[in-house]
Amino acid sequence: MVRIDSYSGNFNHLNRNDRCTIVRIYLPDDAPENVLDESWPEGDEPDTDLPPSEMVELFSRRLATYLFNSARPRKERLIAWCRANAARLDREWAETRIAVLRKEIASAEKQINSAEKQIKRLELDYLSDDE
């Protein structure tokens, strides 16, 4: 299941005002690692609705901006794997997004049905012309 998410917080214990957003790409089970992640200053993070192939390129450009990053060799290898498997990642990401959206639709339909039943009950109980 390939998916992308993000979370924000203060991860710099020396500067309490330094908030950042971590964006994660969850990779398939056969990937070299489970997750590729990168941080951005809060408000500068990329849109998590982008497909993995585009997100990986943003991660690569972000990684290149660091003067020093001890995880660079590991992340570069993972980025290379993601590039080699870009079509597959995008397909699995789209399948995951579709499944999530279908669940949201089903939940919304249940809420609509429940609301319609409540409206009918209220109309019958309080708005009928029988009085």
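Trainee: Which residues does C82 touch, not counting residues up to four places away in sequence?

Mentor: This is a predicted model, where local features need pLDDT of at least 70, side-chain atom pairs count only at pLDDT 80 or more, and totals for chains, interfaces and linings use all residues. Numbering starts from 1 along each chain as its sequence is written, and side-chain values use heavy atoms, without hydrogens and water. Contact means heavy atoms within 4.5 Å. With residues up to four places away in sequence left out, C82 touches L27, L36, V56 and L89.

Trainee: How many residues does the largest nonpolar core have?

Mentor: A nonpolar core is a set of buried Ala, Val, Leu, Ile, Met, Phe, Trp, Tyr and Cys residues joined through side-chain atoms within 4.5 Å. Buried means under 20% relative accessible area, exposed over 50%, and partly exposed in between, with a 1.4 Å probe and protein chains only. I25, L27, L36, F59 and C82 have the most contacts inside the largest core. Its residue count is 18.

Trainee: Which elements give two or more residues to this core?

Mentor: Elements are DSSP runs numbered from the N terminus: helices are H or I with at least four residues, strands are E with at least two. Two or more residues come from each of β2 (19-26), β3 (35-41), α1, α2 and α3.

Trainee: At what angle do the axes of α2 and α3 cross?

Mentor: Axes are lines fitted to C-alpha atoms, for helices over the stretch in contact, and angles run from 0 to 180 degrees between N-to-C directions. Helix α2 covers residues 72-84 and helix α3 residues 86-126. Their axes come within 4 Å, and the crossing angle is roughly 80°.

Trainee: Why is α2 described as roughly perpendicular to α3?

Mentor: Angles under 35 degrees count as roughly parallel, over 145 as roughly antiparallel, 65 to 115 as roughly perpendicular and the rest as oblique. The crossing is at roughly 80°, which makes α2 and α3 roughly perpendicular.

Trainee: Which residues make the contact of α2 with α3?

Mentor: Ala, Val, Leu, Ile, Met, Phe, Trp, Tyr, Cys and Pro count as nonpolar, Asp, Glu, Lys and Arg as charged, and the others, Gly among them, as polar. The contact has five nonpolar, no polar and two charged residues. They are W81, C82, R83 and A84 of α2, with A86, R88 and L89 of α3.

Trainee: How are α1 and α2 oriented to each other?

Mentor: Helix α1 covers residues 52-64, and its axis comes within 10 Å of that of α2. The axes cross at roughly 155°. The pair is therefore roughly antiparallel.

Trainee: Which residues in α2 meet α1?

Mentor: On the α1 side are V56, E57, F59, S60, L63 and A64. Together, the contact residues divide into six nonpolar, one polar and five charged. Those in α2 are R72, K75, E76, I79, C82 and R83.

Trainee: Is R72 buried or exposed?

Mentor: R72 is found in helix α2. Leaving out residues up to four places away in sequence, R72 touches L63, A64, Y66 and L67. Its relative accessibility is 18%, so R72 counts as buried.

Trainee: What separates the C-alpha atoms of E33 and K75?

Mentor: E33 lies in the loop between β2 and β3, and at 24% relative accessibility counts as partly exposed. E33 and K75 are 42 residues apart along the chain. Their C-alpha separation is 9.7 Å.
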